[in-house]
Amino acid sequence: MKKNNYGSKKNNQKPQQRVSNFDPRPKGKEEYAKVNGGVFVYSKPVTVAELSKAINVPAPAIIKFLFLQGKLVTINQLLDDDSIGNVCLEYDYDFKKEKLVDEEHFEDIEIVDDPASLKERPPVVTVMGHVDHGKTTLIDSIRNSRIVDTEAGGISQNIGAYQKDVGGKKITFIDTPGHAAFTAMRSRGASVTDIVVLVVAADDGVMPQTLEAIDHAKAAGVPIIVAINKMDMPGANPRKVIEELMAHDVIAEEYGGDVIVTKISAKTGQGISDLLENIVLKAEMLELKANPSRYAIGTVLEAQLDKGEGPKATLLVQNGSLNAGDYVVVGETYGKVRRMTNEYRAVLKTAGPSTPVSVIGLSSVPSAGDRFMAFPEERQAKEIAEKRKEAKTIASRGGSAALSLSDLNALVNAGKIQDINIVVKADSDGTAQALKANLEKMSTDSIKVHVLSASAGAISDNDVLLASASGAFIYGFNVRPDARVRQKAEENHVEIRLHKIIYELLDEMELAMKGMVKVEKVEKILGQAEIRHIYKISKVGTIGGSYVTSGLMKAGSKVRLLRNGVVIYEGTLGSLKRFKDDAKEVKEGYECGLTIDGYNDIKEGDIVEGYEMVDKEAA
């Protein structure tokens, strides 16, 4: 029999309660429910006979009661949740349905600690912002180190995690190479950050990656502290930065908002102490606590294969304490913590909540964002890791983590949808904001529409990452993803819906929210070709000397002309030639000459995308 001792340490302490929904009963025992003190607790559908026995009410009485409610049931019939609830209330029982969590899905375990065992823990702070706005230099200034000197071109290439003591209280900082890593962790269910410090250069202002960082922080529900950096520069204009942030719903306290803004210079050290004090203040308001007297659970920040030491991972302990010698399951791998060091490479015997550590001893290299948990026995850890690996393999063959329009349609019809997340990209910012406003107006009492990001420009990798992490789909208006982004969307199971008429996009969304959408025809992308040379021939028009970069170009197919990811023209492929000969199709990796019917304003660097409309089944 397996014991539910994952929460207890290997000492004489009284075991802590580990979870409220973990089922410690031996496999195969047909015990589906129990009644404790007038509360009927169940985890699976129960039959009339099982409910009768559990609440000590004759089965015929339950059958009669449900019959009078308009439900005809038999003694061996499984009851739905509504029927179970109605019967319990009729016979003066409260009821509660518990979610069973298998041990291999430890990231879903609901941790319930005795309040007396909880201790204050350091806040975990992620530093984000536009490239070259001074993120790593800020960390350097806080730590009095020179990390930036070791980085290629002064740009962060990996995730670094560091701790700083401020007035007797520690702060854990995570320096990321961008919001992509932050989002990759969140897409695996790892909420590692308590506070985001958004670094904005006072002489540069709000830039594209600044906006993307804001979108990702908001989608994660993480409070933001703004650090206006480079105040020592001649062109510093903090007022302009604050006003630009206000346009994106980041409202400073001085303007009636709840966002703390600190003016700093990471280079000279100006304002750094104020920033640290504000982080401590925000952490106190969040009342961050954890239980150090349990087996550790946390997240992988980064991992690599070291030539001398083998698989090596930087772990962030989020609850409990990790000890040298503990057995851990990390993602789909496992191992024993043979050695554990901090950011200064000092060897540690134990690491408490919010502590980043580097460990060796794993059987293989995990991925950033993977969850880890310590277990009491190697056999147990190995068995759980194998189950997780098998489950991931099965899941990779199956469905989507993000929401598609057909998923939305089905969930609405089943009454199971409450929130819809959308990423909007359009050919202009005005159109993007108009779409955002109209989509969010569609929210009802039961279904809320959240536009996580609405911006101008081509659909990018970061849009796909945001959608994947947030269970969203992407609406593109007069913009297109390139082949690489489309492939990334397919790998992450993110649906991209493309439109060129606003009311059609809004009508589609409205029908989907009513569970009435019908998608009979879908667009199948044939391929893309890049215009590399322009030839103008009288009586023929403009010919694009092209190179097929993906898929194939097919004579007579529908095409659209893209310039910087924005749709310039849609029409039909006029002619397609290989050298002087007409061609039915030209495949990836080959050159061709092409024309577009009725359109001659093509330019070098333009992308011609071929597509056709097919039945959904054929797509």
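The model I consulted is predicted.

**Entry 1: glutamate 287.** I located glutamate 287 in the loop that links helix H8 (272-286) to strand E11 (289-290). I then looked up its backbone and found phi near 50°, a positive value in a residue other than glycine. Is glutamate 287 buried or exposed? I recorded 63% relative accessibility for glutamate 287, and exposed means over 50%, so the residue counts as exposed.

**Entry 2: serine 354.** I found a positive phi, near 70°, at serine 354, again in a residue other than glycine. I placed serine 354 in the loop between strand E17 (350-351) and strand E18 (355-362). With 1% relative accessibility against a limit of under 20%, serine 354 counts as buried.

**Entry 3: helices H6 and H12.** I examined the packing of H6 (residues 208-220) on H12 (residues 461-470) and noted an angle of about 5°, with the axes 11 Å apart. The angle falls under 35 degrees, which means that H6 is roughly parallel to H12. Which residues meet here? From H6 I listed Glu212, Asp215, His216 and Ala219, and from H12 Asn462, Leu466 and Ser470. I sorted the residues of this contact into two nonpolar, three polar and two charged.

**Entry 4: the chain.** I counted 14 helices and 31 strands. Of the 619 residues, 48% count as buried. For contacts between residues at least 6 apart in sequence, I noted that 70% join residues at least 24 apart.

Terms used: Residues are numbered from 1 along each chain as its sequence is written. This is a predicted model: local features need pLDDT of at least 70, side-chain atom pairs count only at pLDDT 80 or more; totals for chains, interfaces and linings use all residues. Side-chain values use heavy atoms; hydrogens and water are left out. Helices (H or I, at least four residues) and strands (E, at least two) are DSSP runs, numbered from the N terminus. Buried means under 20% relative accessible area, exposed over 50%, partly exposed in between (1.4 Å probe, protein chains only). Contact means heavy atoms within 4.5 Å. Axes are lines fitted to C-alpha atoms, for helices over the stretch in contact, and angles run from 0 to 180 degrees between N-to-C directions. Angles under 35 degrees count as roughly parallel, over 145 as roughly antiparallel, 65 to 115 as roughly perpendicular and the rest as oblique. Ala, Val, Leu, Ile, Met, Phe, Trp, Tyr, Cys and Pro count as nonpolar, Asp, Glu, Lys and Arg as charged, and the others, Gly among them, as polar.
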